[in-house]
Amino acid sequence: MDVRVSGYLSIYNDWDLLAPALRSAAPYLDELVVVDGAYSWMAELLRQMGRRPERSEQPVRDAIAAAGLPVRIIESVWANELEKRRAGYEACCGRYVLRLDADEILFVDEPKLERFLASGAAVAEMEMPTYIVPGFIHGSPDSAELPRQALLFDRTQVSAEEHLSHLWLVLTADRLAPAERRPVFPDPIAFNAHLTTWRTPRTAVQRALFYSLNWSRQHGVAWIEALRGRPLTDAAALTQHIPAAAFLEAMLSHRLVSGHVDTAGEPIRGTPLSPVQEEVLLPLHAQYEQSHLALNRRLRERPRRMIQTEPICLDLSGRASLEALASSGAISLDLFHRPRRAKAELRFMLPYPPWQARQPVPVTLRASGIRIDLSAVAEPEGFLRRVLVLDVSLESAYPIQTMQCVGS
């Protein structure tokens, strides 16, 4: 059918997967509206990190330009994600609006798309499971269905406010106003390879920063006594206790950077994509693996800041990433202060029930650090991912400390 489709993209410093994500949607779009910028409650902290809160760094702009679409970019510092997505939707000129994200590769079912456009329905959905590794996805408890997310909206039927009620949004201190949900086309018109855990550390750290601070907007900062249990209205308050650059570096050990997914007992299954369709995903996963190998090697070369009492997560999925840290079957970490207590656990993601496994790992306390003995841990057969999770408490009460991997 001869219809005009606009796409809108809400973005801030998230570029690892952006170029292939935009390429996958470009054949179906007449224009792209980019809503760029961070949130007002993060702005001063970002400035102290050397970042411009109203505009992403150049790799984002390069990926957008490579899509080859007519583009309009709106730059601002936004109150929250709701305001940002409303602005993107309202700026679109086409009758239909396709919402885009930087970590999603679309595979559109064109016959179903045509049927949706002819149906008069207001909203079309896509299947959107989380990709674990090539060939495997995290589904849902109902084996007959994959998780769905709204993809395409008819602007003549769905307002900017109403479209928000169809989206998955991460809200804590913000509140979504009640809005009517419009009729949804019964069949998904696309499969979306959701690569949310495939970001490299250089952009995953931005995601970890957002999720950590967004949670703190409602609950406070548990590891800083003065901010504990008090909603954090402005993230810059952190810099009264720790330098901004130190906090950002500590986020490299956040679980969202390690790429581990807590499947909560839900199944991991084979992808419905064909090997030919999956070819576009293979270099993206290789990029992820190489980035964590480099991150682990750097931990041997120089100290990294950490937040004591917060879990430290290290991706050891690949054999090379494990060997970059482990010496003779163990990982030894030098710590700036004497450890008071520590525990470690390996978490495995499995393509068979129970879908995940957790194995405690022996830890020996030393005067200057800890030794984590991996030699006695039996690897589950065919595991997909492996992450080491550490909980460390030091004799010093200062929340930001340093760690460095050294020889056993």
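Author: A crossing is right-handed if the near helix is turned clockwise from the far one by less than a right angle, and left-handed if anticlockwise. This is a predicted model, in which local features need pLDDT of at least 70 and side-chain atom pairs count only at pLDDT 80 or more, while totals for chains, interfaces and linings use all residues. Residues are numbered from 1 along each chain as its sequence is written, and side-chain values use heavy atoms, without hydrogens and water.

Reader: What is the handedness of the crossing of H1 and H3?

Author: The crossing of H1 and H3 is right-handed. Leu18, Ala19 and Leu22 of H1 meet Val60, Ala63 and Ile64 of H3 in this contact (heavy atoms within 4.5 Å). The axes, lines fitted to C-alpha atoms over the stretch in contact with angles running from 0 to 180 degrees between N-to-C directions, come within 9 Å and cross at roughly 25°. H1 and H3 are therefore roughly parallel (angles under 35 degrees).

Reader: Is Trp355 buried or exposed?

Author: Trp355 is buried, at a relative accessible area of 15%; buried means under 20%, exposed over 50% and partly exposed in between, with a 1.4 Å probe and protein chains only.

Note on methods. Helix = DSSP H or I, 4+ residues; strand = E, 2+ residues; numbered from the N terminus. Parallel < 35°, antiparallel > 145°, perpendicular 65-115°, else oblique.
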